[in-house]
Amino acid sequence: MTRPYCHALSSLLSVLEMAGLLISHEGDLPTVCHLSFDTRDLRPNTLFFCKGAHFKVEYLKQAAENGAVAYVSETRYDEVKLPCVLVSDIRRAMSVLALFHYDRPAEKLKTVGITGTKGKSTTAYYIKSIFDAAWDKECAILSSIDNYDGVIREEAHLTTPEAIPLQQHFVNAVESGISHLVMEVSSQALKYGRVEGVVFDVACFNNIGTDHISPVEHPDFEDYFAAKKKIFDTCRVGCVNTDVAYAEETLAYAKRAGCRVVTYGSHPTDDVYCSHVEVKPDEIRFTVRTAAFTDTFAITMPGLFNVQNALAAIAVCLALDVPISAIKEGLYRARAAGRMEVFRSEDGRVVALVDYAHNRMSFEALYDSVAKEYPGRKVITVFGCPGGKAFLRRRDLGELSGKHSSHVYITEEDSGEEPFPQIAADVAKNVAAEGCAYTILEDRGEAIRRAVCEGEESRVILITGKGRETRQKRGTLYIDTPSDVDFVEQSLRTYDRAAHKPLGITL
């Protein structure tokens, strides 16, 4: 737990007024020592934020009984007798108040922010591994896989934490003596200001594709792209991938924003220029030329697409003057839980790949890599799509899985408040349009078991979307479940036992 940060509510009101967010204030002006929007995180002298589509006045009543001394809201709740701070934008209010309340802790760290439609997590873990090799103190990380800040080590449930816990993570890192922090920055975090006021020492833009288009995310691609580019609005150095769509527009935006730009890709004019990629049995080697060096690097995480993620990490490290020896060591040793994890049956006939791939770009890269690295094997895909958002995935992932698989298992993946049968039907029609057989199984563990255990042919099974996550969103609740890795390991044990069972002999 961080030391208490206490301010008079009048000081916080002044911050809101300066930001143009304060509408009105009613009630006493107590001292505030904690900020929260979560009824599970209440302490004495808490300023409580009423946010979220599912917010109920009962939450505010519970907060009032357990330490809240005032609340911030876009709506006044007369039935709760607490001082009310009425604001025009609750999300921005959280950001500016958290930034002030915790005294801008990110400024006391070297921070790296990474955005993109795919590759954020792997790039973050490459950078973390390099930083860990370069310095004695472990690097802090905030990712869609997990979070570590020197105090907390936990499975992540958002790509980028909300503004208040984000600033708390920064504080924990500073107070733990950590010098560097790397984090994924989602389009939602950029659009709604979770990172407002955070100046990244280095910002990295991996790529952009069509994803997160829905009424509750981005209404169209233009809005999505505009949100992603915001990462350059407050950074000192911007790293841009020149090998992807919209690279010129991204590069131009970064320059207009005033960032010093570092480019990476396969063009000789790139600041980090890659050539001579070579796939070995247990590693991928590639040559990199910069103004400072020309050298060969190697990664041991599977997937040719990871070369681009490694180049992004090298570009970031070039901007921060990280020693080349640490870059080499970190890239070679790097692992990201749930990213391209490979599991095999004892007889070698079944190869299962567990990965977080969940959108068109990541699926395309995954199938391309599998075709090159596992030629001749049948491909079976197990995946689902989330409820209530990212509706284009149902078309894109159904189409791609149907085109590249011999069989597709459509299963649960955070259905939320949308009925699973509706999600599955939307996906299935696109799989079927490609002439591919499919099975709908809501039970994710059973879908993985059948993919692993049923069939005689040598096959690669792609289990995508959840990785090592241990929760499923059902309705408005998150339910604890085994991870995809757990399901795969259990299924392979079942397969191996069956493979070793002696044949019955009838006389």
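User: What makes strands 2-7-6-5-4 an open sheet of five strands?

Analyst: Happy to go through it. The five strands follow one another in the order 2-7-6-5-4, with mixed pairing. Strands here are DSSP runs of E, at least two residues long, and helices are runs of H or I of at least four, numbered from the N terminus. Two strands pair if DSSP finds at least two bridges between them. Strand 2 (22-26) and strand 4 (34-36) each have a single partner strand, so one side of each lacks a neighbour in the sheet. This is a predicted model: local features need pLDDT of at least 70, side-chain atom pairs count only at pLDDT 80 or more, and totals for chains, interfaces and linings use all residues. Residues are numbered from 1 along each chain as its sequence is written, and side-chain values use heavy atoms, leaving out hydrogens and water.

User: How do you know that strand 4 and strand 5 pair?

Analyst: Three bridges link strand 4 to strand 5 (residues 46-49), in the parallel sense. The definition asks for at least two, so they count as a pair. Leu35, for instance, has Leu47 in strand 5 as its bridge partner.

User: What makes the sheet with strand 11 and strand 18 open at its edges?

Analyst: An open sheet of 11 strands runs in the order 11-10-9-12-8-13-14-15-16-17-18, with mixed pairing. Strand 11 (153-155) and strand 18 (294-299) have a single partner strand each, so one side of each is left without a neighbour.

User: How do you know that strand 15 and strand 16 are joined?

Analyst: Strand 15 (residues 260-265) and strand 16 (residues 272-279) run parallel and share two bridges, which meets the requirement of at least two. Gly265 has Tyr273 in strand 16 as its bridge partner.

User: Why is strand 14 called mostly covered?

Analyst: Six of the seven residues in strand 14 (residues 235-241) are buried; buried means under 20% relative accessible area, exposed over 50%, and partly exposed in between, with a 1.4 Å probe and protein chains only. Strand 14 is also joined to strand 13 (residues 200-205) by five bridges, in parallel, and Cys204 stands opposite Cys239.

User: What classes of residue make up the lining of the second largest pocket?

Analyst: Its lining has 10 nonpolar, one polar and eight charged residues. Ala, Val, Leu, Ile, Met, Phe, Trp, Tyr, Cys and Pro count as nonpolar, Asp, Glu, Lys and Arg as charged, and the others, Gly among them, as polar. Strand 19 (residues 341-344) gives the most to this lining, with three residues.
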